[in-house]
Amino acid sequence: MSSIPHDHVAGHDHAHDHRPSGIARWLTTTNHKDIGTMYLIFSFAMFLVGGCMALTIRAELFQPGLQVVHPEFFNSMTTLHGLIMVFGAIMPAAVGFANWMIPMLIGAPDMAFARMNNWSFWLLPPAAILLVTSLFVPGGAAAAGWTLYPPLTIQAGMGTDLTIFAVHIMGASSIMGSINIITTILNLRAPGMTLMKMPMFCWTWLITAYLLIAVMPVLAGAVTMLLTDRHFGTSFFNAAGGGDPVLFQHIFWFFGHPEVYIIILPAFGIISEIIPVFSRKPLFGYASMVYATAGIAILSFIVWAHHMFTTGMPLAGTLFFMYATMLIAVPTGVKVFNWLATMWKGAMTFETPMLFAVGFLFLFTMGGFTGLVLAIMPIDVQLQDTYYVVAHFHYVMVAGSLFAFFSGAYYWLPKWTGTMYDEKIGQLHFWTSFVTFNITFFPMHFLGLAGMPRRIPDYAQQFADWNLVASVGAFGFGLSQLIFLWAVIKCATGSGAKAPAKPWEGGTSLEWTLPSPAPYHTFETPPVVK
């Protein structure tokens with residue numbers, strides 16, 4: 001029997017049942033859907049801020065010479081663009097999807113710790129304000145890039161302190177969100193839903209959450225040591241006092257490399273939900289997908305120093321990190337193979353979510369191949385800190401994570417809003433993004449191979465042509481994202497067609513083409529409990 005007094009259950013007219021409205025509703029909400037929505041709105045706002053910084057960089061690089069901004073401001077832009085895109089745009093977007101979808105996919109009433117969920121979101125806006133404020137204090141944001149390497153950050157101005165504080169707050173938010181996701185998935189699944197019957201999106205997030213809990217405190221340690229070097233006379237990274245700047249790189253990349261997989265694994269989960277639906281076939285090799293995801297996560301901890309081949313590591317260390325890095329291509333290749341096998345002989349249709357998923361598959365695989373090139377130490381020594389590296393990680397992060405998130409947004413928008421998005425607008429958004437993305441980042445491979453260093457506001461005449469192409473592409477890509485905003489606003493205001501119960505049958509009589517059953521975890525049917 002419940003211990004709640006009877007009148008508390010039956011009496012809806014009591015004052016304590018009053019729900020706040022307006023701004024108070026959003027400040028105090030513990031509803032996973034509201035919090036998911038706030039995460040997604042926040043992340044898109046930060047995406048636009050970080051995008052404007054990227055366009056400032058590309059405007060300066062449109063032609064040789066210094067024409068748009070001072071070199072110091074240019075350096076601040078590179079630092080903040082990276083930090084805002086990673087901690088302000090991509091990670092909160094992934095958490096937004098998790099908040100919205102995980103309870104629904106596993107049949108849970110809400111997240112396990114509803115109030116902590118609210119708190120972990122509301123830590124983010126102050127952190128974002130701190131990050132952006134670092135631009136406006138004397139000395140500006142640290143000119144060290146998003147990696148915050150000393151000695152650049154030891155001598156920099158007050159902007160670095162604001163950045164360190166922001167990183168701490170965002171880390172705390174990530175850890176709380178992860179604890180919440182792990183507890184929800186392990187304790188609140190519907191009866192009969194074993195771990196190996198869970199949707200792939202829940203699996204990728206479960207593994208991602210463990211990664212976050214493992215590495216966020218490492219980053220916190222690194223920036224705290226940086227803070228004490230700056231203000232309290234320690235010499236962890238200060239060579240003049242017997243410290244070692246390379247130590248910072250080891251600690252930072254021990255966080256930073258798993259972080260790359262924290263960014264991509266939720267995207268893998270979304271793609272694994274979408275490809276089966278639009279192929280009208282169950283996901284190929286579900287168990288191998290789960291093991292591959294876990295394998296990627298474990299390997300991500302032993303490859304960090306491939307970012308440091310030029311720091312003078314011993315040869316044995318270099319070889320170890322080189323081979324370990326190449327090994328991570330194996331589970332990733334398993335996933336790509338499984339997605340292709342899912343599409344093989346499927347009754348495919350190419351609505352916007354599927355377009356973004358296929359675009360993701362093609363471009364992410366290309367980014368993976370350039371990563372394999374950079375894993376080879378003698379080649380990396382030549383390409384280290386050139387635009388080849390910039391091209392590589394943007395193919396993985398933008399065409400990887402971002403395209404997957406667009407795919408998931410179009411796929412679930414009918415579920416979230418009750419309104420179908422406009423298919424024509426969605427297709428326009430995909431094609432403009434796909435084309436302009438490649439115009440922007442593909443030439444950067446050529447620039448890097450020709451030797452153009454990254455993070456410089458001026459460059460030699462020989463690099464002028466491809467920089468012009470990349471800058472034109474970048475402005476095209478930036479403007480394309482306003483099409484997405486238009487599509488979402490149309491959905492959110494309910495000005496489209498009402499979403500049917502099963503939006504993705506496409507008006508055809510196409511049922512699943514195989515004798516095997518449909519995936520039980522598309523949102524069109526609740527989880528089947530046997």
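I started at Phe248, which counts as buried at 0% relative accessibility. For my own bookkeeping, buried is under 20% relative accessible area, exposed is over 50% and partly exposed is in between, with a 1.4 Å probe and protein chains only.

A word on the model: it is predicted, so local features need pLDDT of at least 70 and side-chain atom pairs count only at pLDDT 80 or more, while totals for chains, interfaces and linings use all residues. Residues are numbered from 1 along each chain as its sequence is written, and side-chain values use heavy atoms, with hydrogens and water left out.

**Aromatic pairs**

I searched the whole structure and got 51 aromatic pairs. Rings of Phe, Tyr and Trp (its six-membered ring) pair if their centres lie within 6.5 Å; planes under 30 degrees apart are stacked, over 60 edge-to-face and the rest tilted. Phe237 and Phe248 make an edge-to-face pair, 5.2 Å centre to centre with 85° between the planes. Phe237 sits in the loop between helix H9 (200-231) and H10, and Phe248 in helix H10, so the pair ties together parts eleven residues apart in sequence. Helices here are DSSP runs (H or I, at least four residues), numbered from the N terminus. Is Phe237 buried or exposed? Phe237 is buried, with a relative accessible area of 1%.

Next I looked at Phe254 and Trp304, an edge-to-face pair with 5.4 Å centre to centre and 75° between the planes. This pair links distant parts of the chain, 50 residues apart: Phe254 is in helix H10 and Trp304 in the loop between H11 and helix H12 (315-327). Phe254 is partly exposed, at 27% relative accessible area.

**H10 against H11**

Which residues of H10 meet H11? I found Tyr261, Leu265, Phe268 and Ser272 in H10 meeting Met289, Thr293 and Ile296 in H11. Contact means heavy atoms within 4.5 Å. The axes of H10 (residues 245-279) and H11 (residues 286-299) come within 11 Å and cross at roughly 170°. H10 and H11 are therefore roughly antiparallel to each other, a label for angles over 145 degrees. Axes are lines fitted to C-alpha atoms, for helices over the stretch in contact, and angles run from 0 to 180 degrees between N-to-C directions.

**Leu413**

My last stop was Leu413, in helix H16 (residues 387-417). Leu413 counts as buried at 5% relative accessibility. Leaving out residues up to four places away in sequence, Leu413 touches Gly418, Thr419, Val488 and Cys491.

Terms used
Helix = DSSP H or I, 4+ residues; strand = E, 2+ residues; numbered from the N terminus. Parallel < 35°, antiparallel > 145°, perpendicular 65-115°, else oblique.
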